[in-house]
Amino acid sequence: MKQSLQLKVSQNLTLTPQLQQSIRLLQLSTLELQQEIQQALAENPLLELADEEAIEGERTLSLDSSNGELHEPQGDNFEAEPDPRKAPDPVSDQQAEQDNQSEDIVQRETIDSIQDNWEGDWRDNSGAGADGDEEKPGLQLAAPDSSLHQHLIDQLRMTQASERDKNLVLWLIDYLSDDGYLTVELEDLWETLQDEPDLEFEELSAALRLLQSFDPSGVGARNASECLMLQLAQRKDITSQASLYASCQAIIRDHLGLLAQRDFTKLKKALNIEEDALKLCHQIIRSLEPFPGARFRRIDDDHVVPDVIVKKLSGQWHVQLNPDVMPKIRINEMYASILRSHRGQSAQLSAHLQEARWLLKNVQQRFDTILRVSQSIVERQIGYFNHGEIAMQPLVLREIADLLGLHESTVSRVTTQKYMLTPYGLVELKYFFGSHVSTDSGGQASSTAIRALIKQLISAEDAKQPISDSQIADLLGQQGIVVARRTVAKYRESLKIPPVNMRKSL
(Lines give C-alpha, C1' and ligand atoms only; values in the text may rest on other atoms or scores of the structure.)
Protein backbone atom coordinates (compact mmCIF):
# COMPACT_ATOMS: atom_id res chain seq x y z
CA MET A 1 0.00 0.00 0.00
CA LYS A 2 1.35 3.35 -0.98
CA GLN A 3 1.61 5.93 1.76
CA SER A 4 0.60 9.50 1.04
CA LEU A 5 -0.15 12.78 2.76
CA GLN A 6 -3.57 14.34 2.45
CA LEU A 7 -4.86 17.75 3.46
CA LYS A 8 -8.41 17.67 4.78
CA VAL A 9 -10.54 20.61 5.91
CA SER A 10 -13.35 19.94 8.39
CA GLN A 11 -15.35 21.73 11.04
CA ASN A 12 -15.61 20.44 14.60
CA LEU A 13 -17.69 21.81 17.45
CA THR A 14 -15.92 21.56 20.79
CA LEU A 15 -17.25 22.62 24.17
CA THR A 16 -14.84 24.92 25.97
CA PRO A 17 -14.31 24.44 29.73
CA GLN A 18 -16.32 27.61 30.41
CA LEU A 19 -19.25 26.42 28.30
CA GLN A 20 -19.14 23.00 29.96
CA GLN A 21 -19.27 24.67 33.36
CA SER A 22 -22.16 26.87 32.25
CA ILE A 23 -24.23 23.89 31.12
CA ARG A 24 -23.38 21.92 34.27
CA LEU A 25 -24.33 24.76 36.63
CA LEU A 26 -27.57 25.36 34.77
CA GLN A 27 -28.88 21.85 35.46
CA LEU A 28 -27.82 21.73 39.13
CA SER A 29 -30.39 22.03 41.91
CA THR A 30 -29.94 24.66 44.61
CA LEU A 31 -28.35 22.16 47.01
CA GLU A 32 -26.02 20.84 44.32
CA LEU A 33 -25.05 24.39 43.37
CA GLN A 34 -24.17 25.16 46.98
CA GLN A 35 -21.97 22.06 47.07
CA GLU A 36 -20.31 23.15 43.85
CA ILE A 37 -19.64 26.61 45.28
CA GLN A 38 -18.17 25.13 48.47
CA GLN A 39 -15.84 22.95 46.42
CA ALA A 40 -14.75 25.94 44.35
CA LEU A 41 -14.08 27.96 47.50
CA ALA A 42 -11.91 25.14 48.85
CA GLU A 43 -9.91 24.77 45.64
CA ASN A 44 -9.59 28.34 44.40
CA PRO A 45 -7.79 30.87 46.64
CA LEU A 46 -9.08 33.71 44.45
CA LEU A 47 -12.65 33.04 45.64
CA GLU A 48 -14.04 33.90 49.05
CA LEU A 49 -17.39 34.35 50.77
CA ALA A 50 -18.58 37.93 50.89
CA ASP A 51 -19.35 39.52 54.25
CA GLU A 52 -22.93 40.44 55.00
CA GLU A 53 -21.97 44.10 54.96
CA ALA A 54 -20.01 44.02 51.73
CA ILE A 55 -19.20 47.55 50.70
CA GLU A 56 -20.02 48.82 47.26
CA GLY A 57 -17.32 48.15 44.73
CA GLU A 58 -16.49 44.61 45.85
CA ARG A 59 -16.80 41.94 43.21
CA THR A 60 -19.79 40.07 44.72
CA LEU A 61 -22.57 38.15 43.03
CA SER A 62 -25.74 39.68 44.44
CA LEU A 63 -29.38 40.43 43.74
CA ASP A 64 -31.00 43.75 43.00
CA SER A 65 -34.10 43.62 45.19
CA SER A 66 -35.75 46.51 43.37
CA ASN A 67 -36.27 44.68 40.10
CA GLY A 68 -35.22 41.09 40.80
CA GLU A 69 -32.30 41.33 38.37
CA LEU A 70 -28.79 40.15 38.90
CA HIS A 71 -25.80 42.39 38.93
CA GLU A 72 -22.11 41.93 39.54
CA PRO A 73 -20.31 45.00 40.92
CA GLN A 74 -16.96 45.65 39.31
CA GLY A 75 -14.37 45.99 42.04
CA ASP A 76 -11.10 45.04 40.38
CA ASN A 77 -9.40 46.66 37.47
CA PHE A 78 -9.09 43.72 35.18
CA GLU A 79 -10.98 43.67 31.93
CA ALA A 80 -14.26 45.49 31.67
CA GLU A 81 -17.12 42.99 31.40
CA PRO A 82 -20.59 43.67 30.04
CA ASP A 83 -23.60 43.07 32.29
CA PRO A 84 -25.58 40.38 30.47
CA ARG A 85 -29.22 41.47 30.87
CA LYS A 86 -30.13 38.75 28.42
CA ALA A 87 -28.42 35.45 29.11
CA PRO A 88 -27.16 33.65 26.01
CA ASP A 89 -28.12 30.06 25.33
CA PRO A 90 -25.20 27.70 26.06
CA VAL A 91 -26.30 25.27 23.36
CA SER A 92 -27.20 27.63 20.54
CA ASP A 93 -24.09 29.74 21.13
CA GLN A 94 -21.57 26.90 21.07
CA GLN A 95 -20.02 27.98 17.76
CA ALA A 96 -19.65 31.58 18.89
CA GLU A 97 -17.97 30.39 22.05
CA GLN A 98 -15.61 28.23 20.02
CA ASP A 99 -14.61 31.18 17.84
CA ASN A 100 -13.89 33.45 20.81
CA GLN A 101 -12.87 31.59 23.94
CA SER A 102 -11.70 34.73 25.71
CA GLU A 103 -15.20 36.19 25.94
CA ASP A 104 -17.37 35.51 29.04
CA ILE A 105 -20.77 33.69 28.50
CA VAL A 106 -23.28 32.46 30.22
CA GLN A 107 -31.35 20.45 38.60
CA ARG A 108 -49.05 -2.12 53.73
CA GLU A 109 -53.32 -5.00 52.12
CA THR A 110 -56.03 -4.12 54.56
CA ILE A 111 -53.99 -1.89 56.73
CA ASP A 112 -53.12 0.32 53.78
CA SER A 113 -56.78 0.68 52.93
CA ILE A 114 -57.56 1.55 56.53
CA GLN A 115 -54.83 4.15 56.60
CA ASP A 116 -56.38 5.93 53.63
CA ASN A 117 -59.55 6.39 55.68
CA TRP A 118 -57.71 7.84 58.67
CA GLU A 119 -55.30 10.22 56.94
CA GLY A 120 -57.96 12.83 56.37
CA ASP A 121 -60.66 13.57 53.87
CA TRP A 122 -59.33 13.74 50.34
CA ARG A 123 -62.29 15.91 49.44
CA ASP A 124 -60.38 19.02 50.50
CA ASN A 125 -59.73 22.02 48.34
CA SER A 126 -55.98 22.24 48.40
CA GLY A 127 -54.22 25.50 47.84
CA ALA A 128 -54.65 28.94 49.20
CA GLY A 129 -56.57 31.64 47.45
CA ALA A 130 -54.82 34.17 45.31
CA ASP A 131 -57.24 37.04 45.75
CA GLY A 132 -55.23 39.07 48.18
CA ASP A 133 -51.80 40.53 47.81
CA GLU A 134 -50.59 39.30 51.20
CA GLU A 135 -48.69 36.08 51.56
CA LYS A 136 -50.35 33.23 53.42
CA PRO A 137 -47.98 31.13 55.54
CA GLY A 138 -47.91 27.46 54.67
CA LEU A 139 -48.53 24.61 57.07
CA GLN A 140 -45.50 23.53 59.04
CA LEU A 141 -45.10 20.23 60.82
CA ALA A 142 -43.23 20.37 64.10
CA ALA A 143 -40.80 17.57 64.80
CA PRO A 144 -41.65 15.43 67.84
CA ASP A 145 -39.77 16.22 71.04
CA SER A 146 -38.90 12.56 71.72
CA SER A 147 -39.03 9.20 70.04
CA LEU A 148 -41.74 6.62 70.72
CA HIS A 149 -39.28 4.39 72.58
CA GLN A 150 -38.14 7.23 74.85
CA HIS A 151 -41.76 8.27 75.49
CA LEU A 152 -42.60 4.73 76.63
CA ILE A 153 -39.49 4.44 78.78
CA ASP A 154 -40.35 7.70 80.53
CA GLN A 155 -43.79 6.30 81.41
CA LEU A 156 -42.27 3.03 82.57
CA ARG A 157 -40.09 4.90 85.05
CA MET A 158 -43.21 6.43 86.62
CA THR A 159 -44.83 3.03 87.32
CA GLN A 160 -44.50 1.05 90.55
CA ALA A 161 -43.73 -2.19 88.76
CA SER A 162 -40.92 -4.42 90.02
CA GLU A 163 -37.50 -4.25 88.44
CA ARG A 164 -38.09 -7.65 86.84
CA ASP A 165 -41.31 -6.45 85.20
CA LYS A 166 -39.66 -3.21 84.07
CA ASN A 167 -36.88 -5.16 82.42
CA LEU A 168 -39.43 -7.30 80.60
CA VAL A 169 -41.27 -4.20 79.36
CA LEU A 170 -37.98 -2.71 78.21
CA TRP A 171 -37.32 -5.90 76.31
CA LEU A 172 -40.70 -5.59 74.59
CA ILE A 173 -40.14 -1.92 73.75
CA ASP A 174 -37.04 -2.89 71.81
CA TYR A 175 -39.23 -5.02 69.53
CA LEU A 176 -41.70 -2.25 68.68
CA SER A 177 -41.85 -0.84 65.17
CA ASP A 178 -41.99 2.87 64.45
CA ASP A 179 -45.77 2.49 64.11
CA GLY A 180 -45.99 1.10 67.68
CA TYR A 181 -46.64 -2.55 66.75
CA LEU A 182 -44.94 -5.54 68.36
CA THR A 183 -42.99 -7.04 65.50
CA VAL A 184 -42.48 -10.56 66.88
CA GLU A 185 -44.77 -13.16 68.42
CA LEU A 186 -44.89 -13.25 72.21
CA GLU A 187 -44.22 -16.99 72.20
CA ASP A 188 -41.01 -16.48 70.23
CA LEU A 189 -39.84 -13.84 72.68
CA TRP A 190 -40.56 -16.12 75.61
CA GLU A 191 -38.42 -18.85 74.02
CA THR A 192 -35.49 -16.46 73.70
CA LEU A 193 -35.75 -15.72 77.45
CA GLN A 194 -35.53 -19.30 78.63
CA ASP A 195 -32.19 -18.53 80.24
CA GLU A 196 -34.01 -16.32 82.74
CA PRO A 197 -34.69 -18.28 85.96
CA ASP A 198 -38.33 -19.13 86.69
CA LEU A 199 -39.71 -16.92 83.90
CA GLU A 200 -43.29 -17.87 83.15
CA PHE A 201 -45.14 -17.00 79.96
CA GLU A 202 -47.79 -15.26 82.06
CA GLU A 203 -45.17 -12.84 83.35
CA LEU A 204 -44.31 -11.83 79.80
CA SER A 205 -48.01 -11.48 78.97
CA ALA A 206 -48.47 -9.25 82.02
CA ALA A 207 -45.54 -7.10 80.88
CA LEU A 208 -47.21 -6.74 77.47
CA ARG A 209 -50.49 -5.70 79.11
CA LEU A 210 -48.59 -3.07 81.10
CA LEU A 211 -46.99 -1.79 77.91
CA GLN A 212 -50.37 -1.67 76.18
CA SER A 213 -51.71 0.57 78.95
CA PHE A 214 -49.21 3.28 78.07
CA ASP A 215 -49.69 6.28 75.87
CA PRO A 216 -50.23 6.33 72.92
CA SER A 217 -53.32 4.17 73.09
CA GLY A 218 -52.92 1.01 71.05
CA VAL A 219 -49.17 0.71 71.40
CA GLY A 220 -47.83 -2.84 71.73
CA ALA A 221 -50.56 -4.32 69.56
CA ARG A 222 -49.69 -7.25 67.30
CA ASN A 223 -52.09 -6.40 64.48
CA ALA A 224 -54.49 -3.70 63.38
CA SER A 225 -57.53 -5.32 65.01
CA GLU A 226 -55.85 -5.55 68.40
CA CYS A 227 -54.62 -1.97 68.08
CA LEU A 228 -58.12 -0.63 67.43
CA MET A 229 -59.59 -2.88 70.14
CA LEU A 230 -57.17 -1.46 72.71
CA GLN A 231 -58.16 2.08 71.79
CA LEU A 232 -61.86 1.28 71.77
CA ALA A 233 -61.63 -0.24 75.27
CA GLN A 234 -60.31 3.08 76.60
CA ARG A 235 -63.24 5.07 75.20
CA LYS A 236 -65.54 5.38 78.23
CA ASP A 237 -68.21 7.08 76.12
CA ILE A 238 -68.39 3.95 73.96
CA THR A 239 -67.94 1.20 76.57
CA SER A 240 -70.84 2.65 78.56
CA GLN A 241 -73.18 1.79 75.65
CA ALA A 242 -73.16 -2.01 75.58
CA SER A 243 -74.92 -2.50 72.24
CA LEU A 244 -72.82 0.08 70.40
CA TYR A 245 -69.61 -1.21 71.99
CA ALA A 246 -70.43 -4.80 70.97
CA SER A 247 -71.14 -3.76 67.38
CA CYS A 248 -67.84 -1.86 67.10
CA GLN A 249 -65.99 -4.81 68.59
CA ALA A 250 -67.59 -7.20 66.10
CA ILE A 251 -66.59 -5.01 63.15
CA ILE A 252 -63.02 -4.64 64.33
CA ARG A 253 -62.61 -8.29 65.30
CA ASP A 254 -64.37 -10.03 62.39
CA HIS A 255 -65.19 -7.59 59.59
CA LEU A 256 -62.38 -5.09 59.34
CA GLY A 257 -61.76 -6.07 55.73
CA LEU A 258 -65.37 -5.32 54.76
CA LEU A 259 -65.13 -1.95 56.47
CA ALA A 260 -61.93 -1.10 54.59
CA GLN A 261 -63.69 -2.03 51.34
CA ARG A 262 -66.73 0.03 52.37
CA ASP A 263 -69.03 -2.91 51.69
CA PHE A 264 -71.78 -1.61 53.98
CA THR A 265 -74.45 -3.91 52.57
CA LYS A 266 -72.60 -7.03 53.69
CA LEU A 267 -71.75 -5.38 57.01
CA LYS A 268 -75.38 -4.65 57.83
CA LYS A 269 -76.34 -8.21 56.91
CA ALA A 270 -73.49 -9.75 58.92
CA LEU A 271 -74.14 -7.66 62.04
CA ASN A 272 -77.92 -7.47 61.66
CA ILE A 273 -78.02 -3.81 62.60
CA GLU A 274 -79.70 -0.72 61.20
CA GLU A 275 -77.99 1.72 58.87
CA ASP A 276 -77.86 4.49 61.52
CA ALA A 277 -76.10 2.19 64.00
CA LEU A 278 -73.63 1.10 61.32
CA LYS A 279 -72.95 4.72 60.40
CA LEU A 280 -72.21 5.55 64.04
CA CYS A 281 -69.86 2.56 64.35
CA HIS A 282 -68.14 3.65 61.17
CA GLN A 283 -67.57 7.15 62.56
CA ILE A 284 -66.23 5.77 65.85
CA ILE A 285 -63.76 3.40 64.18
CA ARG A 286 -62.60 6.15 61.81
CA SER A 287 -61.75 8.27 64.85
CA LEU A 288 -59.26 5.65 66.06
CA GLU A 289 -55.58 5.65 65.08
CA PRO A 290 -54.34 2.48 63.34
CA PHE A 291 -50.73 3.66 63.66
CA PRO A 292 -50.27 4.86 67.28
CA GLY A 293 -46.59 5.63 66.81
CA ALA A 294 -47.11 7.88 63.80
CA ARG A 295 -46.95 11.14 65.76
CA PHE A 296 -43.51 10.23 67.07
CA ARG A 297 -41.93 9.75 63.67
CA ARG A 298 -39.04 12.00 62.94
CA ILE A 299 -39.59 14.34 60.02
CA ASP A 300 -36.69 14.39 57.61
CA ASP A 301 -35.14 17.80 57.26
CA ASP A 302 -35.19 17.49 53.50
CA HIS A 303 -36.65 20.88 52.72
CA VAL A 304 -37.02 22.32 49.26
CA VAL A 305 -36.04 25.96 48.97
CA PRO A 306 -37.68 27.97 46.17
CA ASP A 307 -35.46 29.45 43.50
CA VAL A 308 -38.02 32.06 42.53
CA ILE A 309 -40.90 33.69 44.39
CA VAL A 310 -44.11 34.96 42.80
CA LYS A 311 -46.03 37.69 44.60
CA LYS A 312 -49.04 39.80 43.75
CA LEU A 313 -48.33 43.46 44.24
CA SER A 314 -50.79 46.20 43.25
CA GLY A 315 -52.83 43.72 41.24
CA GLN A 316 -49.85 42.51 39.21
CA TRP A 317 -47.87 39.31 39.50
CA HIS A 318 -44.16 39.86 40.08
CA VAL A 319 -41.39 37.28 39.86
CA GLN A 320 -38.20 37.63 41.84
CA LEU A 321 -35.26 35.42 42.64
CA ASN A 322 -34.99 34.10 46.17
CA PRO A 323 -32.08 36.02 47.70
CA ASP A 324 -31.51 33.21 50.24
CA VAL A 325 -30.23 30.87 47.53
CA MET A 326 -27.93 33.42 45.90
CA PRO A 327 -24.29 32.46 46.58
CA LYS A 328 -22.48 35.42 48.11
CA ILE A 329 -19.05 34.94 46.60
CA ARG A 330 -16.44 37.36 45.33
CA ILE A 331 -12.84 37.56 44.20
CA ASN A 332 -10.32 37.85 47.02
CA GLU A 333 -9.07 41.44 47.01
CA MET A 334 -5.66 40.59 48.44
CA TYR A 335 -4.81 38.19 45.62
CA ALA A 336 -6.35 40.59 43.13
CA SER A 337 -4.01 43.34 44.32
CA ILE A 338 -1.02 41.03 43.95
CA LEU A 339 -1.99 40.23 40.38
CA ARG A 340 -2.51 43.89 39.55
CA SER A 341 0.97 44.77 40.72
CA HIS A 342 2.67 41.67 39.28
CA ARG A 343 0.93 41.06 35.98
CA GLY A 344 2.14 38.00 34.14
CA GLN A 345 4.46 36.85 36.94
CA SER A 346 2.15 34.26 38.52
CA ALA A 347 0.65 31.92 35.95
CA GLN A 348 -1.06 29.80 38.61
CA LEU A 349 -2.83 32.76 40.22
CA SER A 350 -3.80 34.03 36.79
CA ALA A 351 -5.37 30.66 36.01
CA HIS A 352 -7.25 30.73 39.31
CA LEU A 353 -8.41 34.23 38.51
CA GLN A 354 -9.77 33.17 35.14
CA GLU A 355 -11.58 30.20 36.74
CA ALA A 356 -13.03 32.49 39.42
CA ARG A 357 -14.28 34.94 36.82
CA TRP A 358 -15.84 32.08 34.82
CA LEU A 359 -17.60 30.76 37.89
CA LEU A 360 -18.96 34.18 38.87
CA LYS A 361 -20.18 34.82 35.35
CA ASN A 362 -21.75 31.37 34.89
CA VAL A 363 -23.50 31.46 38.27
CA GLN A 364 -24.82 34.90 37.42
CA GLN A 365 -26.00 33.66 34.04
CA ARG A 366 -27.69 30.64 35.67
CA PHE A 367 -29.85 32.79 37.91
CA ASP A 368 -30.56 35.26 35.14
CA THR A 369 -31.79 32.43 32.88
CA ILE A 370 -33.93 30.97 35.68
CA LEU A 371 -35.50 34.38 36.23
CA ARG A 372 -36.24 34.94 32.54
CA VAL A 373 -37.80 31.48 32.13
CA SER A 374 -39.86 31.95 35.30
CA GLN A 375 -41.15 35.31 34.11
CA SER A 376 -42.21 33.79 30.80
CA ILE A 377 -43.98 30.92 32.60
CA VAL A 378 -45.95 33.37 34.75
CA GLU A 379 -46.94 35.35 31.67
CA ARG A 380 -48.15 32.22 29.86
CA GLN A 381 -49.88 30.73 32.92
CA ILE A 382 -51.42 33.91 34.32
CA GLY A 383 -54.76 32.08 34.61
CA TYR A 384 -53.22 29.62 37.06
CA PHE A 385 -52.04 32.39 39.35
CA ASN A 386 -55.42 34.14 39.22
CA HIS A 387 -57.78 31.15 39.41
CA GLY A 388 -55.75 28.07 40.34
CA GLU A 389 -54.81 24.89 38.54
CA ILE A 390 -58.24 24.62 36.91
CA ALA A 391 -57.14 27.50 34.66
CA MET A 392 -53.81 25.94 33.66
CA GLN A 393 -53.09 26.28 29.94
CA PRO A 394 -51.28 23.72 27.74
CA LEU A 395 -47.59 24.60 27.56
CA VAL A 396 -44.54 22.88 26.10
CA LEU A 397 -40.85 23.62 26.48
CA ARG A 398 -40.47 24.76 22.88
CA GLU A 399 -42.89 27.66 23.39
CA ILE A 400 -40.72 29.15 26.13
CA ALA A 401 -37.55 28.36 24.19
CA ASP A 402 -38.80 30.15 21.07
CA LEU A 403 -40.02 33.11 23.10
CA LEU A 404 -36.67 33.65 24.82
CA GLY A 405 -34.42 32.59 21.98
CA LEU A 406 -33.04 29.63 23.92
CA HIS A 407 -32.54 26.01 22.99
CA GLU A 408 -35.25 23.61 24.17
CA SER A 409 -32.68 21.58 26.12
CA THR A 410 -31.67 24.74 27.96
CA VAL A 411 -35.26 25.34 29.09
CA SER A 412 -35.43 21.68 30.14
CA ARG A 413 -32.33 22.12 32.30
CA VAL A 414 -33.69 25.32 33.83
CA THR A 415 -37.05 23.77 34.77
CA THR A 416 -35.60 20.60 36.31
CA GLN A 417 -35.14 20.66 40.11
CA LYS A 418 -35.90 24.39 40.19
CA TYR A 419 -38.84 25.45 42.34
CA MET A 420 -41.26 28.36 42.38
CA LEU A 421 -43.13 29.59 45.45
CA THR A 422 -46.68 30.45 44.39
CA PRO A 423 -49.86 31.35 46.34
CA TYR A 424 -50.89 27.71 45.84
CA GLY A 425 -47.71 26.22 47.26
CA LEU A 426 -44.22 25.26 46.20
CA VAL A 427 -44.07 23.68 42.75
CA GLU A 428 -41.34 22.61 40.37
CA LEU A 429 -41.06 24.68 37.23
CA LYS A 430 -41.80 21.55 35.18
CA TYR A 431 -45.25 21.51 36.82
CA PHE A 432 -46.36 24.21 34.41
CA PHE A 433 -45.59 22.01 31.40
CA GLY A 434 -47.48 18.90 30.44
CA SER A 435 -49.61 17.01 27.99
CA HIS A 436 -52.92 18.22 26.64
CA VAL A 437 -56.25 16.84 25.46
CA SER A 438 -58.17 18.07 22.45
CA THR A 439 -61.56 19.69 22.87
CA ASP A 440 -64.70 19.61 20.70
CA SER A 441 -64.04 23.13 19.50
CA GLY A 442 -60.61 22.21 18.17
CA GLY A 443 -58.73 23.71 21.11
CA GLN A 444 -56.62 22.07 23.74
CA ALA A 445 -57.04 21.52 27.50
CA SER A 446 -54.14 21.03 29.89
CA SER A 447 -53.94 17.70 31.68
CA THR A 448 -53.38 19.62 34.92
CA ALA A 449 -56.64 21.52 34.41
CA ILE A 450 -58.46 18.24 33.66
CA ARG A 451 -57.15 16.75 36.91
CA ALA A 452 -58.43 19.81 38.75
CA LEU A 453 -61.85 19.38 37.11
CA ILE A 454 -61.94 15.69 38.08
CA LYS A 455 -61.06 16.59 41.66
CA GLN A 456 -63.74 19.28 41.65
CA LEU A 457 -66.40 16.90 40.32
CA ILE A 458 -65.57 14.22 42.88
CA SER A 459 -65.47 16.75 45.72
CA ALA A 460 -69.02 17.81 44.86
CA GLU A 461 -70.42 14.27 44.47
CA ASP A 462 -73.03 12.67 46.72
CA ALA A 463 -71.09 10.44 49.12
CA LYS A 464 -73.97 7.94 49.13
CA GLN A 465 -73.88 7.68 45.33
CA PRO A 466 -70.37 8.60 44.13
CA ILE A 467 -69.83 9.04 40.41
CA SER A 468 -67.88 6.47 38.42
CA ASP A 469 -65.01 7.09 36.02
CA SER A 470 -67.37 6.65 33.06
CA GLN A 471 -69.73 9.25 34.47
CA ILE A 472 -66.83 11.64 34.98
CA ALA A 473 -65.78 11.13 31.36
CA ASP A 474 -69.35 11.94 30.26
CA LEU A 475 -69.44 15.09 32.42
CA LEU A 476 -66.15 16.25 30.95
CA GLY A 477 -67.50 15.53 27.48
CA GLN A 478 -70.42 17.86 28.20
CA GLN A 479 -67.84 20.57 28.78
CA GLY A 480 -66.18 19.86 25.46
CA ILE A 481 -63.28 17.82 26.84
CA VAL A 482 -63.08 14.43 25.15
CA VAL A 483 -61.34 11.90 27.39
CA ALA A 484 -61.66 8.12 27.71
CA ARG A 485 -62.62 6.33 30.91
CA ARG A 486 -59.08 4.92 31.16
CA THR A 487 -57.66 8.43 31.04
CA VAL A 488 -60.01 9.55 33.82
CA ALA A 489 -58.92 6.55 35.92
CA LYS A 490 -55.25 7.40 35.33
CA TYR A 491 -55.73 11.03 36.34
CA ARG A 492 -57.81 10.03 39.39
CA GLU A 493 -55.12 7.61 40.57
CA SER A 494 -52.45 10.29 40.14
CA LEU A 495 -54.53 12.47 42.49
CA LYS A 496 -54.59 9.57 45.00
CA ILE A 497 -58.39 9.51 44.93
CA PRO A 498 -59.83 6.04 45.62
CA PRO A 499 -62.18 4.34 43.14
CA VAL A 500 -65.94 4.74 43.33
CA ASN A 501 -66.54 1.72 45.59
CA MET A 502 -64.01 3.06 48.12
CA ARG A 503 -65.62 6.51 48.17
CA LYS A 504 -69.10 5.28 49.04
CA SER A 505 -70.31 6.34 52.46
CA LEU A 506 -73.44 5.89 54.54
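**View A. Overview of the predicted model.** Is Y384 buried or exposed? Y384 is buried, at a relative accessible area of 2%. Buried means under 20% relative accessible area, exposed means over 50%, and partly exposed lies in between (1.4 Å probe, protein chains only). This model is predicted: local features need pLDDT of at least 70, side-chain atom pairs count only at pLDDT 80 or more, and totals for chains, interfaces and linings use all residues. Residues are numbered from 1 along each chain as its sequence is written, and side-chain values use heavy atoms, with hydrogens and water left out. The protein has 506 residues, and 42% of them are buried. It holds 23 helices and 10 strands. These are DSSP runs, numbered from the N terminus: helices are H or I of at least four residues, strands E of at least two. The accessible surface is about 28,200 Å². Carbon and sulfur atoms account for 48% of that surface. Areas follow the Shrake-Rupley method with a 1.4 Å probe; for residues, only the protein chains shown count as cover.

View B. The whole structure contains 10 aromatic pairs. In one of them, the ring centres of W190 and F201 are 5.7 Å apart and the planes meet at 80°, so the pair is edge-to-face. Rings of Phe, Tyr and Trp (its six-membered ring) pair if their centres lie within 6.5 Å; planes under 30 degrees apart are stacked, over 60 edge-to-face, and the rest tilted. W190 belongs to α7 (residues 186–192) and F201 to α8 (residues 201–212), so the contact ties together parts 11 residues apart in sequence.

View C. Y431 is partly exposed, at 26% relative accessibility. Both tyrosines belong to one aromatic cluster, together with W317, F385, Y424 and F432.

**View D. A charge over a ring.** The charged end of R366 lies over the ring of F367, 5.0 Å from its centre. The criterion is NZ of Lys or CZ of Arg within 6 Å of the ring centre and within 35 degrees of the ring normal.

**View E. Strand β7 and its two partners.** Strand β7 (residues 419–422) pairs with β8 in the antiparallel sense, over 4 bridges. Strands pair if DSSP finds at least two bridges between them. The two form a hairpin with 2 residues between them. M420 stands opposite V427 of β8, and T422 is bridged to G425. With strand β4 (residues 308–313), β7 pairs in the parallel sense over 2 bridges. Here V308 stands opposite M420.

**View F. The buried face of helix α21.** In α21 (residues 469–478), the buried residues are D469, I472, A473 and L476. They fall within an arc of 100° seen down the axis, so they line one face of the helix. The arc is that of the directions from the helix axis to the C-beta atoms. An α-helix has 3.6 residues a turn, so residues three or four places apart point the same way. Cover for the buried residues of α21 includes α20 (447–459) and α22 (485–494). G480 follows the helix with a positive phi, near 90°.

View G. V488, A489, Y491 and R492 are buried in α22. Their arc around the axis is only 165°, which puts them on the same side of the helix. The face turned away carries the exposed residues R486, K490 and E493. β9, α20, α21 and α23 (500–503) are among the elements that cover the buried residues of α22. K496 follows, and its phi is positive, near 60°.

View H. L170 lies in α6 (residues 163–173). This leucine is partly exposed, at 30% relative accessibility. Leaving aside neighbours within four places in sequence, L170 is in contact with I153 and L156; contact means heavy atoms within 4.5 Å. The C-alpha atoms of L170 and A207 are separated by 9.1 Å, with the two residues 37 apart along the chain.
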